[in-house]
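Q: Please take a close look at the aromatic rings, then at one strand and its partners. Give the cut-offs as you go.

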Amino acid sequence: MKSNRNRLNELRALAAPLETPSATRVARLQQAGEHAERFLESLPERDVYGTAGPRDEAMTAFAVPQYPEPFDEALQVVEQYVDGIGHNLGSSRFFAYIPSGGLHDSAIADYLAAVSNRYAGVGAAAPGATRLEHVMLRWLAEVVGYPDAAEGDLTSGGSMAALSAIVAAREARSLKSADVPSAVVYLTAHTHHTFRKALHVAGLGECVIREIPLDAGMRMNCERLQDSIREDQIAGLQPWLICASAGTTDTGSIDSLDRVADIAAEADVWMHVDAAYGGAFALCEEGRRRLKGIERSDSMILDPHKGFFLPCGIGVVLIRDGQKLFDAYHARGTYMQDVAGDTERSPCDYSAELTRPSRALRFWLPFKVHGSRAFAAALEEKLLLAQHFYDHCERIDGIELGPAPDLSVVTFRFCPESIDADVATRALLDAIHRDGRVFLASTTIAGQFTIRMAILTYHTHLEDVDLALAVVRECTAQIETGGAQ
Ligand SMILES: *Cc1c(COP(=O)(O)O)cnc(C)c1O
């Protein structure tokens, strides 16, 4: 007994560093705040493309120490080996992939959520955090035009949200394993790859996949969709799920959602909309007009870490008939019997997760302190900036544009007379990367190497887009005079 006491005291002394005193907490938070400010203030000058830095050196610097090391040393490691390298998604000159802004108030909310550490999966444990989540889901459902019966979940991102929607659609149609080989999924070549991945993860990889051709606007060809469903019905297959895109990643094109909804209703097929990129635009009037029909879908996903400019780590799934999401996920363990009679809504009833952070706070706080009107304005600005880029890029010698932008992505190729277009377009992208002032990336459309200009951070404005135009203009001129190396 005596020796147990001694050991307890010894262990307590060794573990003491975990209990940070108030003065230290305040000092560290200040240091962290100064670190964050240095990063944010230097962001405009930082390389948007960012190199990878020395790997071995970083791996050594990250080594987990056995004994305490100074806090400022830790911050230095973060600056040098984490923040100082790689792509700067928050840069106003980041035009690659789908940009993600990283609103500062959202970062503060993450800090607050982690400090109070609410058990945000269960209503009884965290009534405040879970009500807040419910309000954000309800608000978003209203923005996209879903009815009161809609339900949803805040996930870590779009991929997990898609998985959740697919599982809800699977359960809603009672698809058993024996049904999978005859269940048919309709999508296009431009459906985001994570949708097929989610099908696979959900055990539905053996479904029949119909890749519906795209029309000239890079949208799902609805006649072909209708024909395909009819043929499958006649063949005795089970048309199950249509995945429409509301903003493809490749070109930003929005499928004809009203038309798809008509076809889905007629054939009694589940209509899912991947609005991970485009859904946020429903906040502004022009965006809502372009997304018309999205409110008729059975499920959709949105990514607030894209169009609502939040830091990475938040996606949303919405299901029109919310009961279907509950039915797919509700479960309880005996150790949860104390909360069995709880009347608060529990996120764990709508999600594969149990323990989870409060994701609502990072979503709510920026809207609370800026108001939704600021977001609507920023999104409408992005639509206009994309049109501006499209209009001016067209005037650059040798540039051939893709379809007029439905949202904020513009695609183009460089097709000078003397050089093969694929070679010239690759050379143009290489030259843009070497120049480094802006960061654009590429895709392949109908076998052709294509550059994408994606505009989506809150602080990307006209001068940034004009800079991108200038870089494209200068780089094309260089290639035309120097030839593609
Ligand atoms: C980003 C994106 C996804 C995947 O979402 P993550 O948040 O990256 O997991 C799916 N679909 C579309 C259209 C996207 O833009």
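**Rings and a buried strand**

A: One aromatic cluster is formed by Trp139, Phe308, Phe309, Phe363, Phe367, Phe375 and Tyr458. This is a predicted model: local features need pLDDT of at least 70, side-chain atom pairs count only at pLDDT 80 or more, and totals for chains, interfaces and linings use all residues. Residues are numbered from 1 along each chain as its sequence is written, and side-chain values use heavy atoms, with hydrogens and water left out.

Rings of Phe, Tyr and Trp (its six-membered ring) pair if their centres lie within 6.5 Å; planes under 30 degrees apart are stacked, over 60 edge-to-face, the rest tilted. That rule gives 17 aromatic pairs. Phe94 and Phe439 have ring centres 5.4 Å apart and planes at 85 degrees, so they are edge-to-face. Phe94 sits in the loop between α4 (71-83) and α5 (104-116), and Phe439 in the loop between α16 (421-435) and β10 (441-445), so the pair ties together parts 345 residues apart in sequence. Helices (H or I, at least four residues) and strands (E, at least two) are DSSP runs, numbered from the N terminus. Both Phe94 and Phe439 are buried (under 20% relative accessible area, 1.4 Å probe, protein chains only).

Now strand β7, residues 315-319. Five of its five residues are buried, so the rest of the structure largely encloses it. Gly315, Val317 and Ile319 point one way; Val316 and Leu318 point the other. In a regular strand, side chains alternate between the two faces of the sheet. Strand β1 (residues 151-155) pairs antiparallel with β7 over five bridges; pairing needs at least two DSSP bridges. Gly152 stands opposite Leu318. Strand β6 (residues 299-302) joins β7 by four bridges, also antiparallel. There, Ile301 stands opposite Val317.

Terms used. Buried means under 20% relative accessible area, exposed over 50%, partly exposed in between (1.4 Å probe, protein chains only).
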